Amino acid sequence: MSCQNRLVLILGDQLDLQGAALRDFDPKTDEVIMIESANEAKYVWSHKAKIALFLSAMRHFAADLERQKYPITYIREASLPIVDILKEQLLKRKITRLVCVEPGEWRLKLALEALAQDLHLELEMREDDHFYCSHQEFLAWASNKKELRLEYFYRLMRKTHGVLVGEDGNPEGGQWNFDRDNRKPYPKKGPGIIDPPASFEIDEITGEVLKYVTRVYKDHPGSLDAFNWPVTRSQALEALHHFVEYRLRYFGIFEDAMWTDTPFGWHSVLSSSLNLKLLNPREVVDAVIVAWKKYSLDLSAVEGFVRQILGWREFVRGMYYMDMPKMAQDNYYEHKRALPKWYWTGQTNMSCMKDAIGQTLQYGYAHHIQRLMVTGNFALLAEILPTEVCDWYLAIYVDAIEWVELPNTAGMALFANGGRFTSKPYIASGAYIKRMSNYCGSCKYKPEIRFGESACPITTLYWNFLIKHRPQFEASPRTKLMTANLNRISKDDQDAIEIHAQKILNHLDGL
Ligand SMILES: Cc1cc2nc3c(=O)[nH]c(=O)nc-3n(C[C@H](O)[C@H](O)[C@H](O)COP(=O)(O)OP(=O)(O)OC[C@H]3O[C@@H](n4cnc5c(N)ncnc54)[C@H](O)[C@@H]3O)c2cc1C
Ligand code: SF4
């Protein structure tokens with residue numbers, strides 16, 4: 001190759017044939033490069049299923065490119081960081097032009113920019129057109145806002161893209177938000193029969209990857225026994241069609257419900273396919289709207305789902321690129337404690353944590369409320385250092401890429417940025433978990449007891465948090481009610497809560 005030629009880097013979460021990287025690809029002069037790097041699996045201690053999903057999806061994608069006669073260099077099982085390998089390749093071939101799509105992790109973006117400077121490369125880093133909202137549009141929206149709130153951004157997205165909006169510009173069903181109809185617990189007897197997510201056979205490529213990950217990453221957390229993630233575009237499409245056909249109907253109403261041994265509920269389980277770019281968010285939203293009409297589904301289920309994709313997913317991405325690198329360093333409450341060891345094993349007496357972490361280790365998956373109101377809520381109440389919590393989420397979920405993981409964890413679950421895009425810290429006592437799940441029935445602790453041996457640690461830490469941050473919670477109309485409830489607890493009991501909370505905080509590993 002001469003120095004006029006271009007190398008087109010495709011990262012493991014950019015597996016889209018229609019993506020910006022390949023937009024003007026010329027097989028006569030350009031070549032694709034894809035790199036498997038152990039560094040990506042180790043810089044946070046990644047779940048085996050996450051490593052296997054990325055490797056299998058990358059290898060399938062590369063095989064697709066080869067079938068379509070794209071010239072490609074695919075580097076397998078390398079131990080050096082991606083950028084070091086890329087440097088070797090560029091120097092070896094004397095190539096000075098590099099094309100890529102903006103990475104979904106800040107550290108990689110910086111590393112590629114530094115490499116370009118170091119080697120005097122002509123780097124063309126293209127914006128990821130997978131998303132509905134460009135950086136420029138997001139910044140324009142955010143620039144004149146006093147408060148950055150999902151609701152207003154989401155309405156703009158609905159109008160701009162004509163999703164669930166009538167010809168008069170008004171929302172379908174007369175309201176933008178159907179939250180009040182959604183978010184119910186399962187019936188007392190349990191969730192009943194739920195159609196499981198689509199399942200996929202392990203083909204030769206995935207089989208080989210599973211063996212490799214088992215051998216090389218044997219000390220990494222999690223299991224591969226239940227590996228069932230879509231690894232190709234056609235499998236991802238199958239997962240989407242299965243979801244809209246069988247599972248969308250109860251998505252909204254049970255969106256926040258939790259139940260033991262019900263890892264997926266009625267959720268779509270599509271995040272990994274979306275984040276690897278095997279699915280485009282537009283086709284997901286379109287499929288949901290077609291199903292709504294075809295099966296006369298409740299608008300609340302459909303609107304609730306669209307808000308996650310067109311609202312939250314786009315919103316957190318905008319926030320990530322706008323607020324990095326500060327977002328990764330923020331620590332509003334100055335929390336410093338270490339993450340309890342049982343986050344990596346699930347070995348705790350708290351039933352809710354045991355179930356949420358247990359299924360996470362088994363599948364690399366937990367749904368939103370488990371992440372936000374169980375593991376996230378505990379981490380905030382237990383005053384864990386945000387970077388430790390963020391590293392855990394980034395390592396342990398198959399869909400975790402920093403652009404989406406960090407704003408959700410640091411911003412939403414931990415309030416580490418002081419409420420830059422949320423109106424209050426998401427905290428709850430054991431009473432919330434009792435209402436939304438059956439976890440408490442089998443727990444050593446009692447959700448309504450605030451201190452003492454059988455007190456629910458989440459309840460004790462919740463009240464302790466409110467006592468500690470009383471002025472902040474009292475000052476906001478959104479949280480005033482919480483401190484009003486606190487004021488109903490006698491001074492003696494508040495003292496006992498504080499003493500018991502201190503004991504818990506000093507022995508988090510023993511819970
Ligand atoms: C602490 C914490 C960490 C999280 N980390 C990640 C992560 O690393 N990767 C990730 O994709 N999501 C993350 N989320 C958001 C959300 O929990 C997951 O997207 C969802 O649980 C994935 O399961 P699902 O595909 O069944 O989603 P569903 O409940 O079926 O929702 C549909 C889709 O909407 C999107 N979505 C829903 N909620 C959000 C949200 N808050 N932010 C962005 N997209 C959303 C996802 O693409 C998801 O697939 C996190 C949430 C919290 C509270
Ligand atoms: S009692 Fe507390 S710790 Fe136990 S399951 Fe309920 S909320 Fe979780």
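Begin by selecting ligand 1 together with S271: a polar backbone atom of S271 lies 3.0 Å from an oxygen atom of the ligand. Please bear in mind throughout that this is a predicted model.

Keep ligand 1 in view and select the side chain of S268, where an N or O atom is 2.7 Å from an oxygen atom of the ligand. Next, select Q308; a polar atom of its side chain is found 3.3 Å from a nitrogen atom of ligand 1. Taken alone, the ligand exposes 810 Å², of which the protein buries 99%.

Now display the whole shell. Ligand 1 is surrounded by 29 residues, and the closest are H267, S268, V269, N275 and Y365. Colouring the shell by residue class gives 16 nonpolar, nine polar and four charged residues. Then colour by helix: α9 (271-275), α11 (299-323), α14 (368-381) and α16 (402-413) each contribute at least two residues to the shell. At the level of domains, at least three shell residues come from each of domain 2 (135-199 + 213-320) and domain 3 (341-510).

The tour now turns to aromatic rings, of which the model holds 36 pairs. Select Y333 and F465: the ring centres are 5.2 Å apart and the planes stand at 75°, so this pair is edge-to-face, planes over 60 degrees apart being counted in that way. Y333 belongs to the loop between α12 (326-329) and α13 (351-363), while F465 belongs to helix α18 (residues 457-468), so the pair ties together parts 132 residues apart in sequence. Y333 counts as buried at 12% relative accessibility, and F465 counts as buried at 1%.

Finally, select F138, W141, F153, W312, F315 and F421, which form one aromatic cluster.

Conventions
Residues numbered from 1 in each chain as written. Chains lettered and ligands numbered in written order. Predicted model: local features only at pLDDT ≥ 70, side-chain atom pairs only at ≥ 80, totals over all residues. Heavy atoms only, no water. Near = heavy atom within 4 Å. Polar contact = N/O pair within 3.5 Å; in protein donor to acceptor, adjacent residues only side chain to side chain. Areas by Shrake-Rupley, 256 points an atom, 1.4 Å probe, with all protein chains shown as cover. Helix = DSSP H or I, 4+ residues; strand = E, 2+ residues; numbered from the N terminus. Nonpolar A, V, L, I, M, F, W, Y, C, P; charged D, E, K, R; others polar. Domains from an automatic or database assignment. Phe/Tyr/Trp six-rings, centres within 6.5 Å; stacked < 30°, edge-to-face > 60°. Buried < 20%, exposed > 50% of the residue type's maximum accessible area, 1.4 Å probe, protein only.
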